[in-house]
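Please view the structure first.

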Amino acid sequence: MLWTCRVLCPQAGPSAGGWQPLSFDGGAFHLKRTGELTRALLVLRMCAWPPLVTHGLALQAWSQRLLGSRLSGALLRASIYGQFVAGETTEEVRGCVQQLQTLCLRPLLAVPTEEEPDSAVKTGEAWYEGNLSAMLRCVDLSQGLLEAPGPTGNILMQLKMTALTSTRLCKELTSWVRRLGASWELSPERLAEAMDSGRGLQISCLNAEQNQHLQASLSRLHRVAQHARAQRVRLLVDAEYTSLNPALSLLVAALAERWNRPGEGGPWVWNTYQAYLKDTHERLRRDAEAADRAGLAFGVKLVRGAYLDKEREVARLQGTQDPTQPDYEATNQSYSRCLELMLAHVSHRGPMCHLMVASHNEESVQQATKRMWELGIPLDGPVCFGQLLGMCDHVSLALAIPGQAPIQTLRLPSCQTLPDRSVVPVAEGLKPVSASAVCDFC
């Protein structure tokens, strides 16, 4: 996964010339080679063909049987992998990052693993410990890829909680969080204390095996956060399904209690908020205000969402209310409200509040840049922009072009889901993030 960042002239506050909208007419494509543009056109047209999207994995397996693994793999590398994947080795990833840097873009890496809610139960802790090793190596790789960490010292990395703790436990915790509400037994402060001390944690609503797994999970999360802080890498925790998110948010809050304290240099652990969920604006407002009251730094990646079809199907099967917005326009309105809320908090709290505007939507990017200018948010400050690598180059490059509006020193993260050929060695059994995650930034 890669995020792209642009550094222009640092400038805070409204300029004398006024705000000028970004141009998304594709003029920035002169920075790309003809071969890259041809491949992008071919791949994106293919991805817009519904049968290919629906049956992609089956077609890949058929291709391997018909053409053989070597030829099939070569075709993938020349097309889809080449468009969306940074590389299969450290050297290839480093080359990709150097190319991005010539375009004034910066990377965000991700270990491509998560556990689906309905997947088979993993045996023991070995699978999660293997994922921990992969994430620690990914932290090191993230830190080593860039010669300079950027104007605000930011190196970012994605973290999937369900790579380090089971979805079964997350579902159990979610049910109790919803049932108990705010309670000391399931409070971020208590979990943070258990992380720091390493002492056994006993939650009365969990059985002995679940308590043991929770303690091991807290230890893994603490080790990743501790190593990331030492390497000056900020962790962006992904949101997942609504059946898991309350538990994931509880774990993020526990990490924030330890690593987002005043004097630590801004938030080292961020949470992700999905605007396609009906309750997101209220949760974001509540969490931002709670962090402000506690004096904690607050980091947010704002996305539209990735699991629309699955969320609606689960709600239908369970006979529960659909948690998602009714349509795309309602999702856009939700994203706009959340964006306004977060930019106001950034303006108020400065470096104690960081925001990634993770979107391919031109209107959202225009809204963010205009409001940053109106609020006087420094362009080399705590707001960055993110797109999936290879998915929306005309937006990424428009933000990166020198002199394009007063966006001068603006970080533009471009994120991409890595396949099972990860950039770091991973434990056996790791799989790519589900295909639906591709719409996470739309």
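R286 is partly exposed in this predicted model, with a relative accessible area of 42%. Its salt-bridge partner is D287, with the closest N and O atoms 3.7 Å apart. D287 is also partly exposed, at 22% relative accessible area.

**Salt bridges**

- One network, joined by salt bridges that share partners, holds E125, E129, R220 and R223.
- The count of salt bridges comes to 19.
- D238 and K160 meet through their side chains at 3.3 Å, N to O.
- D238 is buried, with a relative accessible area of 7%.
- K160 is buried as well, at 2%.
- D196 pairs with R258 in a salt bridge, the closest N and O atoms being 3.0 Å apart.
- That pair links helix α9, which holds D196, to helix α11, which holds R258, across 62 residues.
- D196 is partly exposed at 39% relative accessible area, whereas R258 is buried at 18%.

**Helix contact**

- The axes of α9 (residues 188–197) and α10 (residues 208–230) come within 9 Å and cross at roughly 75°.
- The two helices are therefore roughly perpendicular to each other.
- On the α9 side, the contact is made by L191, A194, M195 and D196.
- On the α10 side, Q215, L218, L221 and H222 make the contact.
- By class, the contact of α9 with α10 has five nonpolar, two polar and one charged residues.

How values were computed. Residues are numbered from 1 along each chain as its sequence is written. This is a predicted model: local features need pLDDT of at least 70, side-chain atom pairs count only at pLDDT 80 or more; totals for chains, interfaces and linings use all residues. Side-chain values use heavy atoms; hydrogens and water are left out. Axes are lines fitted to C-alpha atoms, for helices over the stretch in contact, and angles run from 0 to 180 degrees between N-to-C directions. Helices (H or I, at least four residues) and strands (E, at least two) are DSSP runs, numbered from the N terminus. Angles under 35 degrees count as roughly parallel, over 145 as roughly antiparallel, 65 to 115 as roughly perpendicular and the rest as oblique. Contact means heavy atoms within 4.5 Å. Ala, Val, Leu, Ile, Met, Phe, Trp, Tyr, Cys and Pro count as nonpolar, Asp, Glu, Lys and Arg as charged, and the others, Gly among them, as polar. A salt bridge is a side-chain nitrogen of Lys or Arg within 4 Å of a carboxyl oxygen of Asp or Glu. Buried means under 20% relative accessible area, exposed over 50%, partly exposed in between (1.4 Å probe, protein chains only).
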